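This report describes the side-chain interactions of one protein chain. It covers charged pairs, aromatic rings and nonpolar cores in turn.

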Amino acid sequence: MGCLRWTSEDYAGITLITFQDSTMLDTLAIEQLGRELGDLAAGLKTPKLVLDFRHVKGLSSQMLGILLTLHKKVESLKGRMVLCGLRPDLMKVFVLTGLDKLFRFYPDDAAGLAAFGVRVG
């Protein structure tokens, strides 16, 4: 079983999660990632997450399910989650599945953080 690499940084109470792998396809690794992200969100009083996909070139439908589950968890905790850095071909997946209506998207991490009122740079 592989694991998906990601980093987490705090910016004034906003958690920036940057995925490091170019593909998110391995079933077991995605399950583990889902548990890790769920635990991270549960450990925050009011989770405010920016998920940065700038390195990701491909993801599975299972990963979309993980994002949906995480979104529900974050909302249940009265938090908010945004996505950033998606390549055009990945953005098409969100459009085709209708998930573009559920998530908020930003071009990069700075814009994602700015959506929460945090300025970087």
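Arg-54 and Asp-52 form a salt bridge, with 2.7 Å between the closest N and O atoms. The model in which this pair occurs is predicted. Asp-52 is buried, at a relative accessible area of 1%, whereas Arg-54 is partly exposed, at 38%.

**Salt bridges**

Side chains of opposite charge can pair when their charged atoms come close. The count of such pairs in this model comes to four salt bridges. One of them joins Asp-21 to Arg-5, the closest N and O atoms being 3.1 Å apart. This pair links distant parts of the chain, 16 residues apart: Asp-21 belongs to the loop between strand E2 (14–19) and strand E3 (23–24), and Arg-5 to the segment before strand E1 (6–11). Asp-21 counts as buried because its relative accessible area, 15%, is under 20%. Arg-5, with a relative accessible area of 48%, is partly exposed.

| Pair | N to O distance |
|---|---|
| Asp-21 and Arg-5 | 3.1 Å |
| Arg-54 and Asp-52 | 2.7 Å |
| Lys-101 and Asp-100 | 3.8 Å |

In the pair of Lys-101 and Asp-100, the side chains meet at 3.8 Å, N to O. Lys-101 is exposed, with a relative accessible area of 72%, while Asp-100 is partly exposed, with a relative accessibility of 25%. Through shared partners, salt bridges also join Asp-52, Arg-54 and Asp-109 into one network.

**Aromatic rings**

A pair of aromatic rings is described by the distance of the centres and the angle of the planes. There are four aromatic pairs in the model. In the pair of Phe-19 and Phe-53, the ring centres are 4.8 Å apart and the planes stand at 45°, so the pair is tilted.

Phe-94 and Phe-103 are both buried. Ring pairs link these two residues and Phe-105 into a cluster.

A charged side chain also meets a ring: Arg-80 lies over the face of Phe-116, at 4.4 Å from the ring centre.

**Nonpolar cores**

In soluble globular proteins, nonpolar side chains tend to be buried together. Which residues touch the most other members of the largest nonpolar core? Among its 27 residues, these are Phe-19, Met-24, Leu-51, Phe-53 and Met-63. At least two residues of this core come from each of E2, helix H1 (27–42), E4, helix H2 (61–76), strand E6 (80–84) and helix H3 (88–96). H2 supplies the largest share, six residues.

Not counting residues up to four places away in sequence, Leu-51 touches Ile-17, Phe-19, Leu-67, Leu-70, Met-81, Val-82, Leu-83 and Cys-84.

How values were computed: Residues are numbered from 1 along each chain as its sequence is written. This is a predicted model: local features need pLDDT of at least 70, side-chain atom pairs count only at pLDDT 80 or more; totals for chains, interfaces and linings use all residues. Side-chain values use heavy atoms; hydrogens and water are left out. Helices (H or I, at least four residues) and strands (E, at least two) are DSSP runs, numbered from the N terminus. Buried means under 20% relative accessible area, exposed over 50%, partly exposed in between (1.4 Å probe, protein chains only). Rings of Phe, Tyr and Trp (its six-membered ring) pair if their centres lie within 6.5 Å; planes under 30 degrees apart count as stacked, over 60 as edge-to-face and the rest as tilted. A charge sits over a ring if NZ of Lys or CZ of Arg is within 6 Å of the ring centre and within 35 degrees of the ring normal. A nonpolar core is a set of buried Ala, Val, Leu, Ile, Met, Phe, Trp, Tyr and Cys residues joined through side-chain atoms within 4.5 Å. Contact means heavy atoms within 4.5 Å.
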